[in-house]
Amino acid sequence: MNNLLNEALKISQELGDVIFIGALATCLHTKNRRDSQDLDFVVLSPISDEELLAKKYKKSLTGKQPWFTPRGVKIDIYTRDIPSVSFEAIVKYSKEFPVGKKGSIRVLGLEPLVVAKHTAQRDQDIEDLQSIAKSKLKEIDWDVVRSITGDKYKTDLIKKDLEFLAKSNT
Amino acid sequence: MQTMQQLLSKVEPGIRFATMLAPRISYSVKTDAVQVAGSIPTAYRRLHLLESIGLATVRRGQFKINRAALQPPHVLEKLVPSLLALKMARRFGRKYHVSDINFLKNNLPENSFITLDYKAWELTKYQLPQDLYVYVDDIDKASNFLKSKGFSNGNSGHIVLLQKQHDSKNIIEQVYLDCIAKGGRNILDAIAIELKHGDKLNIKGKFGIDDVLKVQDDMQTLKVE
């Protein structure tokens, strides 16, 4: 986890304003350290392949041709909305997390993370939502969730699911 | 003693009920279950069947279905021992820190074996492990040992004891089935195990294509000219 955090910090320093989403965001909000060894992030200004190559980032020749950092960590770069969360909401509700004394990284906020995971509803998202529900339920600002979903019914459904997951032991 | 097939045929109405529900995180007994089961008493009968083998969690008129219920019958039959072990699992913590895990790793009961997070990590190097799940011959004896060393039984520790159902001849397949039975992030572990050790598995679970593609994609390593 510390390695991944240090890598996230280096990416922030090399590529400028980026917001980490995915497993790293869940880890930082919940302290649940189950994640795969890759980093997903949103870039605030588009970044070209040439710029990445100039910064020693590498593109693999296999499969979907993913990018790797100069230190060999796989990355997924997003330039627009993530499921059910607008680009504006990603930026507006992002949160700064310190990385030791070396600096800080920006991470997807708790409310957009909850909305994105509730929309995806894959097995791993449900487990992550359960971790969030158990440790952060009282910190969720439901007005913010409502402003992201733009829908009272969906917000109520998310709240009901999280309250159930918080009390469920499986 | 009931065979796994007999047990499954007993809970079959519950499994049929689970497969008829639209995929959701949680459901209401009154609104969602009654639509499928026909009445509140029937809905609860179906849910209690599922609960008996760890395929549902019911709480105050709301419930959750373990997606392992959606596996094909021949896979589900193999999952029953894992489901029962997970249902009866006991969680322990002392300092609620990695030191708890190190303690048990250094003091593993005789004939015990590690499964889920830590074993999946050893087999695949895919997801970092979080909790130490250990199958033991005698769960009461192992629990008492942990308690004597200052551990408490609760919901938030990182040590999880599982009652061994039988001696597994194929450890990789056992871990694979445990991952499917547990669900959540362990589904990704199961897929990673199948991708890396598919030749050691006599049975294959059913996974979403997006999940398989995600794990395949995540496991790619850098290849440049």
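**Strand pairing in chains A and B**

In chain B, strand 4 (residues 90-93) and strand 8 (residues 159-163) run antiparallel and are joined by three bridges. The model is predicted: local features need pLDDT of at least 70, side-chain atom pairs count only at pLDDT 80 or more, and totals for chains, interfaces and linings use all residues. Residues are numbered from 1 along each chain as its sequence is written, while chains are lettered from A and ligands numbered from 1 in the order in which they are written. Strands (E, at least two residues) and helices (H or I, at least four) are DSSP runs numbered from the N terminus, and two strands pair if DSSP finds at least two bridges between them.

**Strand 4 of chain B**
- Opposite Arg91(B) stands Val160(B), in strand 8 of chain B.
- Strand 4 of chain B is also joined by two bridges to strand 7 (residues 152-153) of chain B, and these run antiparallel.
- In strand 7 of chain B, Ser152(B) stands opposite Gly93(B).

**Three-stranded sheet of chain B**
- This open sheet has the order 1-3-2, with antiparallel pairing.
- Strand 1 (27-28) and strand 2 (56-59) of chain B each have a single partner strand, so one side of each lacks a neighbour in the sheet.
- Two bridges pair strand 1 of chain B with strand 3 (residues 62-65) of chain B in the antiparallel sense, and Tyr27(B) stands opposite Phe63(B) of strand 3.

**Seven-stranded sheet of chain A**
- Its strand order is 3-4-5-2-1-7-6, in an open sheet with mixed pairing.
- Strand 3 (58-59) and strand 6 (95-99) of chain A are the edge strands, each pairing on one side only.
- Strand 6 and strand 7 (residues 103-107) of chain A pair in the antiparallel sense over five bridges, with Val107(A) as the bridge partner of Lys95(A).
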